[in-house]
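Here are my notes for when you have the model open.

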Amino acid sequence: MNGNGQRRADIRPGLEVDIVLKQDQRTGKTTRGIVKDILTKSPNHPHGIKVRLADGQVGRVKSILPGGQAEPAQV
């Protein structure tokens with residue numbers, strides 16, 4: 001799997017990802033979260049697929065975290 005966030009097929013709701021928010025594009029600062037919605041319609045995007053995180057933040061995926069699907073915390 002290509003973990004750089006440029007292919008829509010690699011991204012699905014529930015994945016833990018690092019995104020760059022619009023206001024952080026100049027610095028490249030990333031924000032970590034769980035994908036809620038995929039906003040980019042095209043199969044590929046050179047700057048990363050745009051997603052909405054579970055907390056409502058929107059940005060472009062820079063990396064998909066290893067381990068794939070986010071797991072619920074074990075008790």
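**Notes on the predicted model**

1. Let's start with D24: at 11% relative accessibility it counts as buried (buried is under 20% relative accessible area, exposed is over 50%, and partly exposed is in between, with a 1.4 Å probe and protein chains only). D24 also forms a salt bridge with K29, and their closest N and O atoms are 3.8 Å apart. By salt bridge I mean a side-chain nitrogen of Lys or Arg within 4 Å of a carboxyl oxygen of Asp or Glu.

2. Some housekeeping before going on. This is a predicted model, where local features need pLDDT of at least 70 and side-chain atom pairs count only at pLDDT 80 or more, while totals for chains, interfaces and linings use all residues. Residues are numbered from 1 along each chain as its sequence is written, and side-chain values use heavy atoms, leaving out hydrogens and water.

3. How many salt bridges does the rule give? The count comes to four. One of them joins the side chains of R7 and D10, at 3.0 Å from N to O.

4. Next, have a look at D18 and R32, whose side chains meet in a salt bridge at 2.9 Å, N to O. D18 is in strand β1 (residues 15-21) and R32 is in strand β2 (residues 31-38), so this pair ties together parts that are 14 residues apart in sequence. Strands here are DSSP runs of E with at least two residues, numbered from the N terminus. D18 counts as buried at 10% relative accessibility, but R32 is exposed at 51%.

5. What about the strands themselves? β1 and β2 pair in the antiparallel sense, over four bridges (two strands pair if DSSP finds at least two bridges between them). Within that pairing, E16 of the model stands opposite I34 in β2. β1 is mostly covered, with six of its seven residues buried.

6. Last, P43, in the loop between β2 and β3 (50-53). Is P43 buried or exposed? At 60% relative accessibility, P43 counts as exposed. Even so, P43 touches Q6, R7, R8, A9 and I49, leaving aside residues up to four places away in sequence; contact means heavy atoms within 4.5 Å.
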